[in-house]
Amino acid sequence: MSAVEHNHEEDHGHHKETFITKYIFSTDHKMISKQYLITGLFMGIIGIAMSLMFRLQLAWPEKSFGIFEVLLGKWAPDGVMDPNVYLALVTIHGTIMVFFVLTAGLSGTFSNLLIPLQIGARDMASGLLNMISFWLFFLSSIIMIASLFVEAGPAAAGWTIYPPLSALPQAQPGSGLGMTLWLVSMAIFVASSLLGSLNYIVTVINLRVKGMTMSRLPLTIWAFFVTAIIGVVSFPVLLSAALLLIMDRSFGTSFFLSDIFIQGEVLHYQGGSPVLYEHLFWFLGHPEVYIVLLPALGITSEIIATNSRKPIFGYRAMVISIIAIAFLSTIVWGHHMFISGMNPFLGSVFTFTTLLIAIPSAVKAFNYITTLWKGNLQLNPAMLFSIGLVSTFISGGLTGIILGDSTLDINVHDTYFVVAHFHLVMGISALYGLFAGVYHWFPKMFGRMMNKNLGYFHFWVTAVCAYGVFFPMHFIGMAGLPRRYYTNTAFPYFDDIADINVVITVFALIAGAAQLVFLYNFISSIFYGKKAEENPWRSNTMEWTTPVEHMHGNWPGAIPEVHRWAYDYSKPGQEEDFVSQIVPLKEGEKELQH
Amino acid sequence: MTAILTLTVLVLIAISLWQVAKIFEMSQSKVDNSQVANDRDNDTQGKLMFAFLAFLYTLTLFSFWKWGDVLLPAAASEHGSDYDNLMWISFALIFFVQTVTQALLHYFSFKYRGEPGKKALFYADNNRLEAIWTIIPVITLAGLILYGLYTWNNIMTVEENDEALVVELYAQQFNWKARYSGEDGVLGDANVRFLQDFDGKNLVGIDATDPNGLDDVVTQELHLPVGREIIFKMRSQDVLHSAYMPHFRAQMNCVPGMITEFAFTPITTTEDMRRDPDIIAKVNKINKIRVENSKELVANGEEALEPYTFDYILLCNKICGASHYNMQMKIIVETPEEYEAWMSQQQTFAQVIQ
């Protein structure tokens, strides 16, 4: 520890900050966290705007929209969207939201901000790797955005880019240069994610301040730590899938392709299997769901405890649940492939492991609810989003019991039922986690407060619309409507669900507009928000013991020692309803045995 | 022109929202500018939480009332009722859990909203309580898993037998073909390499040197005799497709380079299904919508939509390219006699390539 302090003193003496080292190529975790957040939000705007465009198309497939012509140009002649572009929008929306917003934007932002601050470290274990990690992410974002502007259009094979569709430019125009850029972008993204994750793991293991034992870690850190481990285990597999696909596409290998006849021509590929790709992809793809979700749950745990003025209920059970979910998440990928043609016996095994995940998830949900019980709830915007997260996590998680059951999956696989399920349980929930985190830690990031009334407005409109969009979507899924259909007018059989699509789109448009209120609040608060106090939410964790003005090394003097866990809220025998982790135990006070 | 108009309107909407937000902010800022929830906020937001519970329940009831009739179309295969039972049991369970947990979550958010002078209960752990809500899901899920796996095995175990009819479903961008095994009951070998033989008449790439293939019949419509087990063999010539037959609770991916299979026994003919009261109601509803939509089309000088009659459908349910949304095949379930009559009119592969 003393070595780190020593370095820090030295830094102050010799190191002069320029604009470039402070704001652009910064190695300070707080600045990197802001860079992640702002890049993530920018990507989020693109991703959400795309979803609004294809929602318009789905609700009124016969109409032409001038906005399509403006934004899509030659891909929407006379304002009528081309089917290939529809698929491209769906694909890039999924890619951006899952990887760029909810992985990098959420985990990148809050792991970077909170790991050093909450464990009492001067910075990440390696500031340089951290900086490289961000800039690789930035580069991959640029490449992904660049792919939108290539002649034949961006990748359009769905965010899962199953070959052969993604491998053969003859199969769809997006599988040409657009797909190459997608693959390059994702390969760089994986590198960025690995550097970030390794850094998080090393930092949590090695740089905890004196007294910060693993059993005193805030649940946020537990969540980020375990998330980083899943990332390190599973992201490399995506990289290998992407590399093999690049080989098939550009160098004539046959890892995933076999016996193909397309556009009047027999291709030379022999002996490969698309099912192999599916295994590799979902070996990352499923843990990815939890890479997205666990940080959001960690953030929620922290915010619900703080704002309930109560200890989080069942700390130990929460930690065990996080670890159990993480472990199970790596052995359930096959539930995306029940009807892929793999042996039905494998389907049985994956059904079993998948439904097991419901157990730790249920424990978490009940523990959140019990934390609220007999609390003194401070309903700040961050708290509303956290409660909203628990609500959508339950609603979306429950339908997982249907989809995880191989039998029931037969008829709802790849329908809108799936779309509704995963948007609620990981899309909306993780977005709520992101919003909750931004509202809660904004004072720490920018030294100012966000406007709470705009926050309330943002939450309620979003909450109503999120259910308005995704609840009815279960119905069109159960009716048998497949996802990724450009329009359902080709089947008169589905004419009676056209009105549901209109309802969904109207809610989606309102929800999209409500995010502008958030953006306004976010940007204007950075410059004009009320100056924050050191500990505005009266919280126990260590980040609130640092000065409001950011400084290299986080604490001006020595880092304070930790004496208790993070959840001594409303503890009997204390004057205040919170006791910071750095306050020593009183004489005769017992630390809770958890 | 419309483009500029739309863009202008959108920009105006965005600006007005921005302004509304600003006004909202300014009107509130005079009251309190600490930006941390005060007692009045807690009171209002707590009540709104309770109102949100009412919204959730209303949305649920409204959706079931308005759209309940589109859920799971009537089952037309033998395993369909097993599937539906499992579905409704799971549904009832999650519906119950959803109702109770959302009620607790939102009621607690309302009931324990911050009030002046209130102190929260220091309550960090209760092993018995946690054991209870670990064990209850364990038992419930064990039941569901066992029931699910039992049904799964029944559905997915395909045993070759002489009674069953073997049909190949052949997928390509963007249509379906069916191949019947003919009198010998055996599908001839096939590979995409043979597709170009016989001036493109070899539609699914049958190996002409394999005698089993000569009596095979390739069709554009899928005719199935009622009450007989059908074993489907799926193939694809280009990209992944998925053969999805929602009425039969059947789906299987078609994978290039590999043969996948799925089997079911249709139990209701198309004719009988058309007489089903639910289907009649659905068809009437759809036709009413189509008449409504036609009015607008006719006004624009276009042709009116044709009235809809019920048919079973086979859809593609794996993204496969531009016309993925329109990759379909009509399925006709008929009596064995009707089926034989139809089959006798079809040309065998040997006849096609002569």
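Is Gln263(A) buried or exposed? The structure is a predicted model, in which local features need pLDDT of at least 70, side-chain atom pairs count only at pLDDT 80 or more, and totals for chains, interfaces and linings use all residues. Residues are numbered from 1 along each chain as its sequence is written, while chains are lettered from A and ligands numbered from 1 in the order in which they are written. Gln263(A) turns out to be exposed, because 10 other C-beta atoms lie within 10 Å. Here a residue is called buried if 20 or more other C-beta atoms lie within 10 Å of its own, exposed if 12 or fewer do, and partly exposed in between, with C-beta atoms placed from the backbone.

The backbone at this residue also deserves a look. Gln263(A) is not a glycine, yet its phi is positive, near 50°. This residue sits in the loop between β1 (261-262) and β2 (265-266) of chain A. Helices and strands are DSSP runs numbered from the N terminus (helices are H or I, at least four residues; strands are E, at least two). A positive phi, about 55°, is found at Asp78(A) too, again in a residue that is not a glycine. Asp78(A) belongs to the loop between α4 (66-72) and α5 (83-119) of chain A, and it counts as exposed because it has 11 C-beta neighbours inside 10 Å.

Cis peptide bonds come next. One joins Pro163(A) to Pro164(A), with omega near 0°, and Pro164(A) lies in the loop between α6 (127-146) and α7 (177-206) of chain A. Another links Gln173(B) and Phe174(B), where omega is about -5°; Phe174(B) is in the loop between β1 (165-172) and β2 (175-180) of chain B.

Stepping back to the whole of chain A, the model shows 17 helices and 2 strands. Its radius of gyration is 24 Å, close to the 25 Å that the globule rule gives for 594 residues, so chain A is as compact as a globular protein of that length. The radius is taken over C-alpha atoms, and the rule is 2.2 Å times the number of residues to the power 0.38. Of the 594 residues, 65% count as buried. Confidence is expressed as pLDDT (the predictor's confidence in each residue, from 0 to 100). Chain A averages a pLDDT of 93, and 97% of the residues score at least 70. Over residues 1-14 of chain A, however, pLDDT stays under 50.

Among the buried residues of α11(A) are Phe350(A) and Leu355(A). The buried residues of this helix pack against α10 (315-329), α12 (358-372), α13 (381-403) and α14 (406-412) of chain A, together with α4 of chain B.

How many residues does the contact take from chain B and from chain A? It takes 113 from chain B and 122 from chain A, where two residues are in contact if their C-beta atoms, placed from the backbone, lie within 7 Å. Elements giving two or more residues to the chain B side include α1 (2-29), α2 (39-67) and β9 (312-316) of chain B.
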